[in-house]
Amino acid sequence: MDSLWSTLEPLLTRVEKPARYIGCEDGAATPEYTDGAVSWLLAYPDTYEIGLPNQGLQILYEILNERPDAVAERTYAPWTDLEAEMRAIDLPLFSVDTHQPASSFDVIAFNLSSELVYTNVLNCLDLAHVPVRCEDRDHTHPLIGAGGHATFNPEPMADFLDWIGLGDGEEIVGDVTDVVAAWKASGSTDRVEVLRALAQVEGVYVPSLYDAVFEDERLVSIDPIFPDVPSVVEKRTVADLADWPYPKSQLVPLTEVVHDRLSVEVFRGCTRGCRFCQAGMITRPVRERPADQVRTMIQEGVRRTGYDEVALTSLSTADFSGITEVIKSTLDDESSGCGDVSVSLPSLRVDAFTVGIAAELQRGRRSGLTFAPEAGTWRMRQVINKLISEEDLYASVEGAFSQGWRRVKLYFMTGLPTETDEDTLGIAELGKRCVEIGRKYNKGASVTVSVGGFVPKPFTPFQWFGQNTIEELNRKIYLLRDEVKKIPGLQMKWHDPKATFVEGMSSRGDRRLGKVIEDVWRSGGTFQEWSEHFDVDRWTDAMTANGLDVEWFTYRHREENELFPWDHLNAGLHKDFLWHDWRDSLNEVGLEDCRWTPCYDCGACTGYGIEHVVASATPPAGGSQGTGQSPGRGQEVSVQLLARPVGAS
Amino acid sequence: MTLPRKPQVRLQYSKLGKVRFTSHRDMARIWERSVRRAKLPIAYSEGFSPRAKLSFGLALPTVFESVAEYADLTFDEPVPAEGLPELLTPLLPVGVDVVAATELEGKVESLQECVMATEWSLFVDGDLAEVGAWARDLLAADSLEITRERKGKTRVDDVREALLDARVQPIATDAPVIGASTEIVVNLATKPRALRPLEFLGINAPPHTFVLGRRLHQFISPVGARRDPLDVGAAQATHDLSRAS
C-alpha cells in the first residue's frame, strides 16, 4: 500500500491543529502487512481529540496487532477545514498510523458511542471513496462494521453497516478476523457469502440478512432471510476482565486530547439499576478486575507513559471492592520513581464515603467536585431508582465544602417519567440548600446545576416511555432557570433540547431512519455533536421529506407488547423483567443492587452462564444508594485528614 | 532569604519531520512526560498546581522545523549533562533528538532573555531571481511597514531594524523539498519585538508561496557574534543532526 503522507503534508500547513493527523503517538503499533493478514481500520467518527482516548478502540487496536494474522490502524473524522482541502484535491480518508488510504483495508470498524455521530460515519465512508450504502458495495470494498453502546439499536444505521458487534469486542474481533481471512483465502467475490459467515459469529449482527416488515407505521416482524442466520443475536460478554489486561500500551498523543491521562478500567457492568441508564443495563453482569492487576497496570502504565494522572474508570468506581487499597498503594508508591501520581475517579457516587476518597485524592487545589443526583426530589429519584437520600446528598456537599472545595456541580435530568413541575423545581430547591451549606464554609461557594433532557434508551425499563417534546423540555428548563435566577450563588447550565430530540428519535428508531440520516448528511449535516454544526431543521426537514412522523418516532408512549426494532437483539435483560421494572418505577418502587441482595433474575447472568465477579461480599462502606444498607441518616461525614500538606511536592 | 540556586542543564534539540505539526504547548507537555519517564530529579514549582521546571526559549511556530531548539531543565540535585542526550532522545518522539547538553554555572540569563536573533531557512515556491530581487529590495529599504493585530487592535509597525540579513539561493540538490524551488536564509532580530518568519515572508507583495521553514540557529548577545545559547559553558555536541522521518 502507498502512504498518502506526501500529498497530505502540504495541506496540514493550512489547517487548525494539524498534529491531529500525524499519528506518531507513543504506543502506536508499527503495522507489518503480511500475505493473507486481515487489515483493520478502527475508526472513531468524531475528532481526534475526542476519539483518541477511547479505551474500547485502543483495546481492540492492541488485541488485533498482537495477532500474527491481523493488522490494525486508526482513523478519526477530519475537521471541516481539512475535509474541504481533501475534497478539493480528491485525497481520500487515511489512517493516522501510516497514512494508508482507508479503502485499502479489509475491514473498517466504527466506534458508535452516540446517535449524533451517525452522519459522520457516512461522511467518513464517502471521504474513503467507499459507497455509503451496503447494497452498492462489492467484494473490492472493505467490510464496514461497528461496535459501541449505540449499536444496541443499530437499526437506523442498518443501510450503511455490513456487520455490527454487540457487547464486548475483545473476542468478536478475533472471530471476525478468522472469517475474513478464510474468505480472502478462498478468493470468493461473493459478498453475501462472507456476510453469512460473519452472521455465524456469536455477537455479530448482519442487518442486510434480516427483512424488516412494516404494516401501516408499525414494525410487525424482523426475520432472517436465510435459515442459517440466527433469529435472535446475543451480545458477547467476556467472563473475566483478568484475562484482558488491555490496553497494555495506552496511546500517548503528542497533542492535547479530552482525557489526557492514563486510564485503567477497574470493572465493567453495573447493577445499581438506575432505570434511565442504558450503559448500566447492557454491560451486566459486573466483572471486577483483580486489585493486583489494577495496581500492576497503573505502575507499568505510569512508568511507560510519563503521565502523572491515572483515572480509574467504570460506571461507578467507588463501588470497586479494591478501591481503598488501590488508591493508597498508588498514592504511596515511590517505587515507580515517576514522582507524584494523582488519581481521578470520573464517576463519583453521592455519599460520605466518596467525599472521603475524593479528599484523599485531591491533595492539591480543590476547585470543583461533581455529583449526579439526577433528579430533584426523592419521589423522582425513586422513579428512576437513583436512591440517594437528601441527607446523603447534603452530607456529601457539606463534606466537600468543609474540606476546602469551593465549587460543587450537580447533574440532573428533566423530562423524566411522571415528572411534575414540583420535581423540576426541586432541582432549584436542592441547589439552594447546597449553596447555603457552602456559604457556611466559604463566602464565595458556588453551586452549578447542569440539566439535560432525558432520552429513553433501548434495553432499559424506560424504553416504553414517550420522550418529552422540545417545547416541553424548554418549558421546564425555563421554569427552572427563572427559579435559579432568584438564588444567589446558584448557576444553571443546560443541554439544547433540540439535540436531545435528535438523539431520542435515533435512539429508538428503526431502519426507515436510514434515509433521514443520509439526507441530513447529504445536506451537509456533519459533526452534529458540535453545537456550531448542529441544525435541527435538517433533521425535521428530512423526516418530512421521507414521510416519517416525528411524533410517532420520538414522543409516543410504546405499548406493552409492541415489537421494538431491537427485539431481535439480546443484551441479556428479559423484556418482561424490564416491563415489571417499568411498572415498579411508575409505582415509585425502588430496586436494590443485586450484588449484595438476592438475584431478581434480570437475565444478564443466567442467560450467559456467568456471574458477577466481585471481590467483596459486603457492600462498600457508606452510602444508602441501593446497597440495601441504611447507615443512619444524617451522620457525620468521615473526614480523611491530608497525608501531606497542600501544595507540597 | 535567598535559596541556593538549583542545578540547571541547558539542552539543544531538533524538531524535524511529522512532529513539526505539534505546537509549542504540545512540545512542553511532551517534554514533561519524557523527563518523568527518564526519572530525572526535575524540580517542581511551588503552589497549588506544581509544574515541572522546564523552560523553553522563543516559541517555534507550529509547522516549522528546527535544528536549534533549547530547553533549560532545573533539578533538585545535580545531574551531569553528559549522557542526557542518549537518555532522553529515545523517550522523545521521532524527529526530536537531543543533540547537546551543558550544565549552567552561576547566574545565567533565561533563554527568553538572552536570545537576540534567530536564523531560518525558508523554502518557498517562487522564481529564484524574482525572490532574490524581492529580498534585495527589502534589505535596501529604510523602513518596512507591516500591519499587525494584537489584542483585537491593528497597528502598523516598522520592522526594518529586525531584518538583520537575508540571502536567496537554490535548494541544495541533495536535500530537495517537495513543492519548493528556492531557499531564503534569513536572520531576524527578536528584540524589542520578534519579527516572525511568516511576517517576513509576507512583506511587500512577495513573489512566492511558503512551503517549509526550519530554524537553523538562535543567537545570544552580543548581536552579530553568532554565539549559540550553549556557548555559556562547556557544551558537548554529541550527535549529528539529520532530517528525521
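1. Salt bridges between the chains. In this predicted model, six salt bridges link chain B and chain A. One contact of this kind pairs Glu9(A) with Arg20(B), where the closest N and O atoms are 2.8 Å apart. Polar contacts join nine residue pairs across chain B and chain A, both residues at pLDDT 80 or more. Helix H1 of chain B, residues 24-37, supplies the largest share of the side of chain B that touches chain A: seven residues.

2. Extent and make-up of the chain interface. On the chain B side, 24 residues are in contact; on the chain A side, 31. The two chains bury about 2300 Å² between them. Carbon and sulfur atoms account for 57% of that area. By class, the side of chain B that touches chain A holds ten nonpolar, four polar and ten charged residues.

3. Domains of chain A. The assignment gives domain 1 as 5-218. Domain 2 is written in two segments, 261-512 and 548-608. Their C-alpha centres lie 30 Å apart. The contact involves 27 residues of domain 1 of chain A and 31 residues of domain 2 of chain A.

4. Area between the chain A domains. About 2400 Å² is buried between domain 1 and domain 2 of chain A. Of this, 53% comes from carbon and sulfur atoms. In domain 1 of chain A, the residues losing the most area to domain 2 are Glu115(A), Phe152(A) and Glu217(A). Together they make up 26% of what that side buries.

5. Eight salt bridges cross the interface of domain 1 and domain 2 of chain A. Glu562(A) and Arg218(A) meet through their side chains in a salt bridge, at 3.9 Å from N to O.

6. Which elements of domain 1 of chain A take part? Helix H3 (55-66) and strand E7 (210-215) of chain A each give at least two residues to the side that touches domain 2. E7(A) gives the most, with three residues. That side of domain 1 of chain A divides into 13 nonpolar, five polar and nine charged residues.

7. Domains of chain B. Chain B splits into domain 1 (8-108) and domain 2 (115-220). Their centres, taken over C-alpha atoms, are 27 Å apart. The contact draws 14 residues from domain 1 of chain B and 15 residues from domain 2 of chain B. The buried area is about 1100 Å², with 63% from carbon and sulfur atoms. Leu58(B), Phe64(B) and Glu65(B) supply 49% of what domain 1 of chain B buries here, more than any other three residues.

8. Polar links between the chain B domains. The count is two salt bridges. Glu65(B) also forms a salt bridge with Arg214(B), the closest N and O atoms being 2.9 Å apart. The domain 1 side of chain B has ten nonpolar, one polar and three charged residues.

9. Thr317(A): buried or exposed? Thr317(A) is buried, because its relative accessible area is 0%, under the 20% cut-off. Thr317(A) sits in the loop between strand E13 (309-313) and helix H10 (323-332) of chain A. A polar atom of its side chain lies 2.9 Å from the backbone oxygen of Leu312(A). The side chain of Thr317(A) also makes a polar contact with the side chain of Ser314(A), at 2.9 Å.

Definitions and conventions: Residues are numbered from 1 along each chain as its sequence is written. Chains are lettered from A and ligands numbered from 1 in the order in which they are written. This is a predicted model: local features need pLDDT of at least 70, side-chain atom pairs count only at pLDDT 80 or more; totals for chains, interfaces and linings use all residues. Side-chain values use heavy atoms; hydrogens and water are left out. Domain bounds come from an automatic or database domain assignment. Contact means heavy atoms within 4.5 Å. Buried area is the accessible area (1.4 Å probe) that two parts lose on being put together, summed over both. A salt bridge is a side-chain nitrogen of Lys or Arg within 4 Å of a carboxyl oxygen of Asp or Glu. Ala, Val, Leu, Ile, Met, Phe, Trp, Tyr, Cys and Pro count as nonpolar, Asp, Glu, Lys and Arg as charged, and the others, Gly among them, as polar. A polar contact is a pair of N or O atoms within 3.5 Å; within protein, one must be able to donate a hydrogen and the other to accept it, and residues adjacent in sequence count only if both atoms are side-chain atoms. Helices (H or I, at least four residues) and strands (E, at least two) are DSSP runs, numbered from the N terminus. Buried means under 20% relative accessible area, exposed over 50%, partly exposed in between (1.4 Å probe, protein chains only).
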